[in-house]
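Here is my note for you, point by point. Keep the structure open while you read.

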Amino acid sequence: MRTPYICGNWKMNKTIAEGVTFIETAKAALAGISDVEIGIGATFTALKSLADAANGTNIKIGGQDCYWEESGAFTGEIAPSMLKDAGCSFVIIGHSERRQFFGETNETVNKKTKAALAQGLQVIVCVGEMLEERENGTTNKVVEDHVKNGLVSLTAEDMKSIVIAYEPVWAIGTGKTATPAQAQEVHAFIRKTLTDMFGAAVADGVRIQYGGSVKPDNVKELMSQPDVDGALVGGAALKPDSFEALVKFKS
Ligand code: PEP
């Protein structure tokens, strides 16, 4: 059985104080939930304070990117061990905004993923097609490329710490959600790709989150799909009551 995983991606939002207030509210609202994994991906400057606020609760804190080297002359970069040091347990890698605006490639996704795994971080690897790619029928090709090249030379053991987020770029922050059937189709394809790479036993254990305008009113239907194991959520994860409703998608 795959434990559902609801993770917020705050992107470049919230001050330290705003983030801590959110965590204080959410930790009371979500106390006692143990059948859903809960995460918040936040900005670097807030991570330590958020991790301190969430310490001992069921809310995990993670970064939204990292570098692949552990130290050195890489001005502006953050090492995976620094995320650990700040109290993070996971990191989001390869988000489409990083691919679109900051030159992220499958090769850098792979390097960052391996470096984060080496520090014992869980890695949420984001994959997904642009609108034009969906329209010209290359969704599976693009997603396969992201999965195969992003995860190249990882081991079965590594895959225990990998979560994949399928995020069609045309659905991110646009209010356009993939239909549950569209999401399921690509999630099943991703699981097949993982089966080809790592075998069925490994592929069956990997959580695949859907991301793209997930909201309290569509999360339940998306989560009812057999290969949708969670959600990576931007906008609807910024308010505690909305985030609470997402985590409590079963009720
Ligand atoms: C995201 O940031 O990964 C995302 C899916 O954003 P939104 O939920 O706002 O579409």
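1. Start with Ser213. Ser213 is buried, with a relative accessible area of 10%. The cut-off for buried is under 20%, so a value of 10% falls on the buried side. Look for Ser213 in the loop between S7 and helix H11 (219–223). Keep in mind that this is a predicted model.

2. Check the backbone of Ser213 too. Its phi is positive, about 55°, although Ser213 is not a glycine. Most residues other than glycine have a negative phi. Lys11 also deserves a look: its phi is positive, about 50°, and Lys11 is not a glycine either.

3. Where is Lys11? Lys11 sits in the loop between S1 and helix H1 (16–29). Is Lys11 buried or partly exposed? Lys11 counts as partly exposed, because its relative accessibility is 21% and buried requires under 20%.

4. Now turn to the ligand. It is surrounded by 14 residues. The closest are Lys11, Glu167, Gly173, Ser213 and Gly234. Sorted by class, the shell holds four nonpolar, eight polar and two charged residues.

5. A polar side-chain atom of Glu167 lies 2.6 Å from a ligand oxygen. For His95, an N or O atom of the side chain is 2.9 Å from an oxygen atom of the ligand. For Asn9, the corresponding distance is 3.1 Å, again from a side-chain N or O atom to a ligand oxygen. How much of the ligand does the protein cover? On its own, the ligand has 290 Å² of accessible area, and the protein covers 96% of that.

6. Asn9 belongs to strand S1 (residues 5–9). Asn9 is buried, because its relative accessible area is 6%, and the cut-off is under 20%. The Asn9 side chain reaches the backbone nitrogen of Lys11 at 3.1 Å. A polar contact of 3.5 Å also links the side chains of Asn9 and Gln64. Beyond residues up to four places away in sequence, Asn9 touches several others, including Gly41, His95, Leu232 and Gly234.

7. Follow S7 (residues 207–210) next. Which residues of S7 lie on each side? Arg207 and Gln209 are on one side, Ile208 and Tyr210 on the other, and all are buried. In a regular strand the side chains alternate between the two faces of the sheet.

8. What are the partners of S7? Strand S6 (residues 162–166) runs parallel to S7, and four bridges join them. Here Ala165 stands opposite Gln209. Strand S8 (residues 230–233) also runs parallel to S7, joined by two bridges. In S8, Ala231 is the bridge partner of Tyr210.

9. Then S5. Six of its six residues are buried. Gln122, Ile124 and Cys126 point one way, and Val123, Val125 and Val127 point the other way. S5 runs parallel to strand S4 (residues 90–93), with four bridges between them. One of the paired positions is Val91 with Val123. S5 also runs parallel to S6, with five bridges between them. Across that pair, Ile124 stands opposite Val163.

10. For contrast, look at Gln119. Gln119 lies in the loop between helix H5 (106–118) and strand S5 (122–127). Leaving aside neighbours within four places in sequence, Gln119 is in contact with Glu70, Pro80, Ser81 and Lys84. From C-alpha to C-alpha, Gln119 and His187 are 28 Å apart in space, and they are 68 residues apart in sequence.

11. Finish with Arg191. Arg191 is placed in helix H9 (residues 180–198). Is Arg191 buried or exposed? Arg191 is buried, with a relative accessible area of 6%. Setting aside neighbours within four places in sequence, its contacts include Arg2, Asp204, Ile208, Asp227 and Asp229. Among these, Ile208 is a residue of S7.

Definitions and conventions: Residues are numbered from 1 along each chain as its sequence is written. This is a predicted model: local features need pLDDT of at least 70, side-chain atom pairs count only at pLDDT 80 or more; totals for chains, interfaces and linings use all residues. Side-chain values use heavy atoms; hydrogens and water are left out. A residue is near a molecule or strand if one of its heavy atoms lies within 4 Å of it. A polar contact is a pair of N or O atoms within 3.5 Å; within protein, one must be able to donate a hydrogen and the other to accept it, and residues adjacent in sequence count only if both atoms are side-chain atoms. Accessible areas come from the Shrake-Rupley method with a 1.4 Å probe; for residues, only the protein chains shown count as cover. Ala, Val, Leu, Ile, Met, Phe, Trp, Tyr, Cys and Pro count as nonpolar, Asp, Glu, Lys and Arg as charged, and the others, Gly among them, as polar. Contact means heavy atoms within 4.5 Å. Buried means under 20% relative accessible area, exposed over 50%, partly exposed in between (1.4 Å probe, protein chains only). Two strands pair if DSSP finds at least two bridges between them.
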